Amino acid sequence: MKKQEMTKQSSLKIGLLQRVMAISISLLFVECKADTNNTTEYVIASYNIRYDNNCDRQKGYSWKERSEQIAKLIKTDQFDVFGVQEPFKHQINDMEVLLIDYQRFGVSDDNQPDSKSNHHHDIFYKKDKFNLQAQGSFWLSTGGPDTPPEDLMKAAYGGKAKVCTWGKFEDKQVGTVFYVFNTHYYYANETTKNNSATLTLQKVKEIAGTFPVIFMGDLNITPDSKAYQTLNSTALLSDSYYMTQSKIPEDSLQYNTFNSWKPATNDTLNHYKRIDYIFLSNHWEDKVKSNTVIWDTYEKEGIQKMPSDHNPVMVKLLMPE
């Protein structure tokens with residue numbers, strides 16, 4: 001009897017131990033899975049890196065010097081996906097060399113493979129983190145957005161027709177799918193900007209459907225403008241600045257994205273303004289950890305200098321549900 005009882009007790013202990021181990025493993029799996037869902041973070045940025053030109057070079061802002069600083073900033077802040085505005089194709093080529101962990105796509109405003117006189121508004125992404133499922137471009141043009149106009153300067157409500165680059169991304173690890181749109185509104189005509197905002201909303205809805213959306217760019221508009229209100233007053237997009245508590249106060253100098261080549265410590269608010277943005281669809285509601293304007297400088301011959309006349313806007317996002 002004693003031997004049978006001992007055997008029975010041992011079996012009970014082993015069974016109990018197995019159950020405890022199974023529950024522990026299950027809890028560990030659930031916890032790990034929950035951590036993965038809660039901590040998957042995307043670092044998204046928009047950056048006007050300034051087109052290469054003789055005037056800037058004469059003033060000490062050569063692209064050769066600036067390009068290395070821009071690449072350093074991007075790598076230091078670990079951008080996952082970012083859009084650039086204004087560069088020519090040779091600047092894009094230089095960035096591809098400097099940023100070997102990234103893949104990029106996009107065309108120039110005139111849709112030429114090696115345009116010398118028109119800007120790119122390309123999108124870069126970490127190739128080990130995302131699959132690019134689809135990509136395309138459309139033009140902010142009265143003549144039809146799907147093809148580049150013959151005369152860019154006569155095709156956009158009295159201003160230049162700019163290209164908008166878009167991509168459909170899949171997170172390789174968790175399978176999340178979202179769209180990114182990147183553009184640069186023409187600076188010199190309010191009617192052009194107003195109509196560009198309206199057309200942007202139409203195309204974003206048409207292309208992205210019900211998927212999460214990130215829309216970014218140097219829009220050359222301020223928060224009190226009609227174009228801004230058009231973008232921010234619909235159910236489709238919202239300014240990411242107002243979707244997070246972690247942000248720079250509006251009355252601070254660092255709130256502004258256009259710096260006019262002046263470091264934050266050397267001037268007053270009169271020279272700066274906020275014209276670069278990242279807008280988000282409501283899928284990212286409660287998912288925006290921070291919105292930051294990066295005021296990065298570097299020193300050259302004892303002088304503090306800016307890598308561009310714009311500061312990058314960066315948001316940190318949690319994976320949308």
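Okay, let me start with what I call a pocket: on a 1 Å grid over the protein atoms alone, a pocket is an open set of points with protein on both sides within 12 Å along at least five of seven lines, a cavity is a set where a 1.4 Å probe fits but cannot get out, and lining residues have an atom within 4 Å of a point. Two housekeeping sentences. This is a predicted model, so local features need pLDDT of at least 70 and side-chain atom pairs count only at pLDDT 80 or more, while totals for chains, interfaces and linings use all residues. Residues are numbered from 1 along each chain as its sequence is written, and side-chain values use heavy atoms, with hydrogens and water left out.

So, the largest pocket. It has about 460 Å³ of space, where a volume is the space filled by probe spheres set on grid points joined across faces, edges and corners. Its lining has 25 residues, and Glu86, His184, Tyr187, Asp218 and Asn220 lie nearest the centre. By class that lining is eight nonpolar, eight polar and nine charged. Here Ala, Val, Leu, Ile, Met, Phe, Trp, Tyr, Cys and Pro count as nonpolar, Asp, Glu, Lys and Arg as charged, and the others, Gly among them, as polar.

Strands here are DSSP runs of E, at least two residues, helices are runs of H or I, at least four, and both are numbered from the N terminus; two strands pair if DSSP finds at least two bridges between them. We have an open sheet of six strands, ordered β3-β4-β2-β1-β14-β11, with mixed pairing. β3 (102-105) and β11 (288-293) are at the edges with a single partner strand each, so one side of each has no neighbour in the sheet.

Which strands sit beside β2 (residues 81-85)? It pairs with β1 in the parallel sense over five bridges, with Ile44 opposite Val81, and with β4 (residues 123-126) in the antiparallel sense over three bridges, where Val81 stands opposite Tyr125. Five of the five residues in β2 are buried, meaning under 20% relative accessible area with a 1.4 Å probe, protein chains only (exposed is over 50%, partly exposed in between). Val81, Gly83 and Gln85 cover one side, Phe82 and Val84 the other.

Last bit: rings. Rings of Phe, Tyr and Trp (its six-membered ring) pair if their centres lie within 6.5 Å; planes under 30 degrees apart are stacked, over 60 edge-to-face, the rest tilted. That gives 26 aromatic pairs. Tyr228 and Tyr277 are a tilted one, 5.5 Å centre to centre and 50 degrees between the planes. Tyr228 is in helix α6 (residues 226-232) and Tyr277 in β10, so this pair ties together parts 49 residues apart in sequence. Both are buried. Tyr272 and Trp295 go edge-to-face, at 5.1 Å centre to centre and 90 degrees between the planes, and these two are buried as well. Finally, ring pairs link Tyr42, Phe105, Tyr125, Phe130, Phe169, Phe178 and Trp284 into a cluster.
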